[in-house]
Structure formats: C-alpha cells, structure tokens
There are 6 protein chains.
Amino acid sequence: MNKERFDKGLEIRRSVLGAEYVDKSIQNADDFNMPMQELVTEYCWGEVWGRPGLPKKTRSMLNLAMITALNRPHELKLHVRGALNNGLTKEEIQEVFLQTAIYCGVPAAIDSFRSAKEVFEEMDQK
Amino acid sequence: MNKERFDKGLEIRRSVLGAEYVDKSIQNADDFNMPMQELVTEYCWGEVWGRPGLPKKTRSMLNLAMITALNRPHELKLHVRGALNNGLTKEEIQEVFLQTAIYCGVPAAIDSFRSAKEVFEEMDQK
Amino acid sequence: MNKERFDKGLEIRRSVLGAEYVDKSIQNADDFNMPMQELVTEYCWGEVWGRPGLPKKTRSMLNLAMITALNRPHELKLHVRGALNNGLTKEEIQEVFLQTAIYCGVPAAIDSFRSAKEVFEEMDQK
Amino acid sequence: MNKERFDKGLEIRRSVLGAEYVDKSIQNADDFNMPMQELVTEYCWGEVWGRPGLPKKTRSMLNLAMITALNRPHELKLHVRGALNNGLTKEEIQEVFLQTAIYCGVPAAIDSFRSAKEVFEEMDQK
Amino acid sequence: MNKERFDKGLEIRRSVLGAEYVDKSIQNADDFNMPMQELVTEYCWGEVWGRPGLPKKTRSMLNLAMITALNRPHELKLHVRGALNNGLTKEEIQEVFLQTAIYCGVPAAIDSFRSAKEVFEEMDQK
Amino acid sequence: MNKERFDKGLEIRRSVLGAEYVDKSIQNADDFNMPMQELVTEYCWGEVWGRPGLPKKTRSMLNLAMITALNRPHELKLHVRGALNNGLTKEEIQEVFLQTAIYCGVPAAIDSFRSAKEVFEEMDQK
C-alpha cells in the first residue's frame, strides 16, 4: 500500500460518499475484505478520482451512467448520494438517467430511477 | 413518425456526428433499416439529446462512458468523433476512459483507448 | 410529448401490464420520474409495441428472453405477468427460459425460473 | 456423448444453420474444439432446439433478440441465416431488432441491423 | 434425459453444493421448473463438472470469477459455499475477487465481497 | 505513479504477455494513452498479479473465464498467449472454455474457442 495515495484517496472518498459511511466500511473490514478496501481507496479514489482532469461533479455523472449500464444497484445508490454531495441537482440526475434509457435500454433506466427514488426517500426521512 | 421531432433530431444528429455521415446513413437506408433510422433520429436525438437539461458536451462524455461499459466499439468510434465536435479535448476523453478502467474493468478501458486512437489516426490522415 | 402516441401507448401498456399497475405508476410519478414515464409510454409502448408487425404474444416472448439476458429481475417479473396477459402458457414461458439456459448461461435461466415462480405464487395467493 | 441425441441435434442444426456450414464446422474441428462441437450439437440442438414446445420459427426470433442483448455478432449472423431458413421474413427480423432498440438500447439494435444487412448482401451476391 | 449422466451429475452437484440444498431443490421442483433441474443436473454437473480435465477446486475458482462477471449474486452465494466445500480457503476466495476488481471493475468485486461475507456470516450462525 | 510498483508490474507483465509485446505497447504510447499504460502496469500487474496468494497459472485460468464472460476478444487473445506462457496446456484451456459454455452461454464459449484457435494458428506460423 502507498500510504500517501491511500490518505489522499480516503479524503476524497469521505468527501464524496460521506465520512460516516466510509469510516464504518473501513472499521468493519476484517482480514477478508480489508485488501479490497485498501485497493479501492488507493486506486479508485486516490489515483483516478484524485486526478485534476475532470471536476468531481462530472465524475459523478459518469458514474451514474456507467453503473446503470453495469447493473449494480447497491453501488448506484451510493453514487446517487455522492452525486448530490458533489453538487448535482435532481434534475441533472434525471437527465443522466433519461439518456441511459436510450443507450442502455429502458429496463436499465427504470431500475436506476427507482434506486434513486429510494435514496431520496431515505434522505427525506432523516 | 412525428415530423417535427424527427427534423429537430436530424439537426442535432448532424451537428454531433457530422452531416456527411448522417446524410449517408439516411440515404443508404432501405426498407429494412429505415424504421430504425427514423426511431433513432426521433427518439434518441430529437427526444433525449434535444432536451435542454444538460450541455451537449456533457452528453458526449456520458456516452463515452456508457458505450465503453456496453462494449459497442462501432458506436464508440462515432461518439469519439461526436465528442470532439461537441468540444471535448483529447485530455478529457482520456480522463473519461481512465475512469472506465476502474468501474468497467481494465479490458473495457483498453478497448476504448484503442478505438479512440484509431479515430484520431483516421482524422489525422485527412 | 406527442399526445396521440402517448394515449395509444398507455392503452397498450395497460392491456399488457395491467391497468391497476400502470395507473399507479403514473399517479405516483413525481417531477423526478414523470419524464421517464412519458418516454416509456410513448416510445416503448406507443411506438414499438404499437407496431402491427408482430403479435403481442410474440413480443412478450422476446421480452422474456431479452430481459433474462439483460439481468433485470424487477422488469422480468412485470413481463411474466404481461406474458400471461398476452396469452402465453406456463409451458411456453418454460420453453423460453430453457432456451435462455443455452444462450445466456445457466445462472441467467435459474434466476428467471425463480422470478417466474415468485410471480405465479403471488398470483395464486390472490 | 449420447449418440442418439447428438444425431438428433446434428439433423436440427443442419436444417437451421445449413448443412454445408455445419458439416464444415465438424470436419474442421480438431482435438481442441471437437468437445465443444459435440457439446453444442447435443445439448443446444438435440436437447433444447429438439423440444417440441415451441416452433423453430419462434426459437429463431428468441435467438435474434437474445444474441443482440448478448452482443455476439458472429453468432448473430449465423442466426439471421437460420431465421430465414426457419421462415422468418425480413420484416419480422426488422420488428425483432426494433424491439431490441427499446430494451437493449440503441447501440445494440444498430449493430444487429448492420450485421443482418451484411448477411443479406452476402446472400444476394450468390 | 440420460439417466446415467443425470445420476453422475446429481452426485457431483450434491458433493459441491451440499446434499440438503440439492435434494430440496429437486423435491420442490414442479412441472414448471423440473425440466430446468434436469438440464442443469445432467449438462452442467454431469457433463462439464464431471470431466476429469480440471480439479473441482479449480472449477470453483473459475465459477467465482465468471459469476462475478455475470452479476448473479444468488448463484454466487451458492458457489461460495461450493468453493469452501471444494477446499478453497477464504484467502483464495479473496484473491479471486481482488482479481475481478481489475478485470470486471470495482463495483463487481465489491458486490462479490459483500455476498461472500453474507455466506460466511450465515455459516457462522449455525 | 509509484516507481517501485510500476517496475514490479512491468516485470510480471513482460513475463506473462511477452517482453516484445509489452515493450512495444509502452514505446508506442503517446500522451493520450500513456496514463493508461501506467495505470495498468502498476495497478493490474504490480498490485494484483504481483500478490503471492495464487499461482500465475491459476490467475491465467481466471482471466480466460472472466474475459470470455466480459466479451473482450482482443484481450482474450493476449491472455491465451499469457496462459500458455504461464504453463497452461491446450487441454486446460479447452476445459476452461467448456465450463464457460455452461455459465456464460454457448455463444460466449464458441467465440473464445475461435479466438484461441486463431492464436494457436498465429503461433504455428512462426
């Protein structure tokens, strides 16, 4: 593990996905999934999200589109929260998902609209 | 077919993918694929690309990410050209594909880097 | 939105997926997902399902096969109900899913058999 | 290998994909891919295509839809030929692919229209 | 159905996935899903798992990697149990999933780590 | 970039995919794809292939299975060569692909058998 890049990644990951969620993920990690936590924090967040070439808001939009295509609802919900943290409006999230309807197909878009709505409802309940 | 939306879609499609390419696609269409040309022009370009909610440059970035995930190199190459037409720099295309390496996996990103390079070389030869 | 095509789509969608389900989807739609409801109703149902070129029963079979390949269990369950509404027998649904085992792989087919069984059990309980 | 089911599968496979193509595939098989030829002939063609529950024409339509979703152009082209052999018209193939545009996304449908057109052109040249 | 191959497949399937689970699957099968149970037992387990060319432990590793790529969590959890039955250690399962992070993308690997952890917790509770 | 891990990754990558191929990839890289070359060498090869938890031969088998599922023929061909370099026999490659037929579906396996055969023929011609 590269400590410097891990720390940089951890800071970005906490700012996007929420400090509470990220800290819990790392505290709950055991021998089995700790190497995955480290790999993700260092490469995904430190190496790629840490690049200055695109604003975080744009990276969030790309993720909503890709993760819809990849059909991973658990990660999608995390990144809907991340998108809001990075300044996307609900209207922009809506636009991204309407565009996925065309390219990924209608069932993919419907699933993402439903996942996002669940996130909005969970946030309203707090 | 809704003539008004088809015409709106045709205009956007020509501005993004290039008038020459689009006109040839429609002129070469026969009974078999003309309904697909119409559906794409109206639904994809008139209905979704025509929405004001996101700038075309952003829509191009979303497409590069999604089409990488969807593994459709022929469409990807068209949309690399479209992305350049919509004002993306090569550096921004690079950033999008680096992000796909993390989320869609390394083979997906390698394929998209190679496809984009082919487009750049085709354009340099003109 | 093209009102005529939307209304045509709404009628077909209600006849296939069930009036109660569709009306609830539209009534529960808010600013966030209403544009998706409109897009789906108009293009998916008005434009494509409304084409006379294939019987609805055939379109239902195609959907069961495609949605199995696409791995979208929520939509699959809706379309199992739609398939029964369109006159497919359980034996025909079985045949479609056995064929998906060969082309989409065994895990895809097992998941679709399980989803369909859940639908049958929900229907028996009413 | 179950000889009886292999022979049944071989007969069906030859009738759908063309005797010339199938015989060449088996004659050209070597130690490396012969077990795959046997598995496909027996399991795919003898076991599933040989079931009486759906007409071959319907099975062809399902395959065009599924193989579009699965993104396998080489197999798709074989099954476009198979579909014509099983009595599908070009208009019905068109309908299947228009429906894939909605469910699998526009890039998937565009690729399948292009593959089918290549098959038609190859057949016209003979 | 080929009785001999079915019986061979049943024995292997029971030894990998657990006798209790497999017997329940077959006993609970009805007219709708029995042909699928037979197809899976005969081809998947009798024909392919029954081949001597690879040790069962290796086949389990291949399945964990493939099923992660295919995004089928229900089957993945079964095959995590199967992998333990076939002698994989948790450390080896961890290695397989870390490798999927690179090739299938981070969301795929995260989902598989989570599914595996659920299996481990279910087993600890017994 | 972490120089130490890059160098470790480069060594492993050269030993698996062939020094000539890897050196050419890096020498031909330009500003556009060099960051991808670096990410792959460090993250994929230095970080994951460099882990001692699985033998390289096993990692090659996992890759053949995963890349078949992911439908990336260009990468698959590279990893067929890598698999031979890591000591897999043709018979073992055959077994991996027969197993993909069951889990990923027949079209996926057929494509991988064909890609592998192309690699074998290219190697025989040298």
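Within chain A, 8 residues of domain 1 are in contact with 8 residues of domain 2. The model is a predicted one, and the automatic or database assignment behind these two parts places domain 1 of chain A at residues 3-48 and domain 2 of chain A at residues 56-125. Taken over C-alpha atoms, the centres of the two domains of chain A lie 21 Å apart.

The size of an interface is often expressed as the accessible area that is lost when the parts come together. For domain 1 and domain 2 of chain A, the buried area is about 610 Å², of which 62% is on carbon and sulfur atoms. On the side of domain 1 of chain A, the residues that lose the most area to domain 2 are A:V16, A:L17 and A:Y21, which together account for 64% of what that side buries.

Polar links across this boundary can be counted as well. The rule finds 0 salt bridges between domain 1 and domain 2 of chain A, and 1 residue pair in polar contact, with both residues at pLDDT 80 or more. Two helices of chain A, α1 (3-17) and α3 (34-49), each supply at least two residues of the side of domain 1 that touches domain 2. Of the elements involved, α1(A) gives the most to that side, with 4 residues. By residue class, the side of domain 1 of chain A that touches domain 2 of chain A divides into 6 nonpolar, 2 polar and no charged residues.

The contact between chain B and chain F can be described in the corresponding terms. Chain B provides 21 residues to this contact and chain F provides 15 residues. Between them, chain B and chain F bury about 1,600 Å², with 66% of that area on carbon and sulfur atoms. The count of salt bridges between chain B and chain F is 2. In one such salt bridge, B:D111 pairs with F:R72, and the closest N and O atoms are 3.1 Å apart. Polar contacts between chain B and chain F number 9 residue pairs, with both residues at pLDDT 80 or more.

Which elements give two or more residues to the side of chain B that touches chain F? They are α4 (56-70), α6 (90-103) and α7 (106-124) of chain B. The largest share of that side comes from α7(B), with 11 residues. The residues on the side of chain B that touches chain F comprise 14 nonpolar, 3 polar and 4 charged.

Two copies of a chain are related by a rotation about an axis and a shift along it. Chain B is superposed on chain F by a rotation of 120° with 0.0 Å of shift along its axis, at an RMSD of 0.0 Å. The two copies are therefore related as by a three-fold rotation axis. Among the residues of chain B, B:N71 comes closest to the rotation axis, its C-alpha lying at 4.6 Å. The copies use different surfaces, as 5% of the contact residues of chain B recur in chain F.

For chain B and chain A, the superposition takes a rotation of 180° with 0.0 Å of shift along its axis, and the RMSD is 0.0 Å. This relation is that of a two-fold axis. Here the same surface serves both copies, with 100% of the contact residues of chain B recurring in chain A.

Methods: Residues are numbered from 1 along each chain as its sequence is written. Chains are lettered from A and ligands numbered from 1 in the order in which they are written. This is a predicted model: local features need pLDDT of at least 70, side-chain atom pairs count only at pLDDT 80 or more; totals for chains, interfaces and linings use all residues. Side-chain values use heavy atoms; hydrogens and water are left out. Contact means heavy atoms within 4.5 Å. Buried area is the accessible area (1.4 Å probe) that two parts lose on being put together, summed over both. A salt bridge is a side-chain nitrogen of Lys or Arg within 4 Å of a carboxyl oxygen of Asp or Glu. A polar contact is a pair of N or O atoms within 3.5 Å; within protein, one must be able to donate a hydrogen and the other to accept it, and residues adjacent in sequence count only if both atoms are side-chain atoms. Ala, Val, Leu, Ile, Met, Phe, Trp, Tyr, Cys and Pro count as nonpolar, Asp, Glu, Lys and Arg as charged, and the others, Gly among them, as polar. Domain bounds come from an automatic or database domain assignment. Copies are superposed by least squares on the C-alpha atoms of residues with pLDDT of at least 70 in both.
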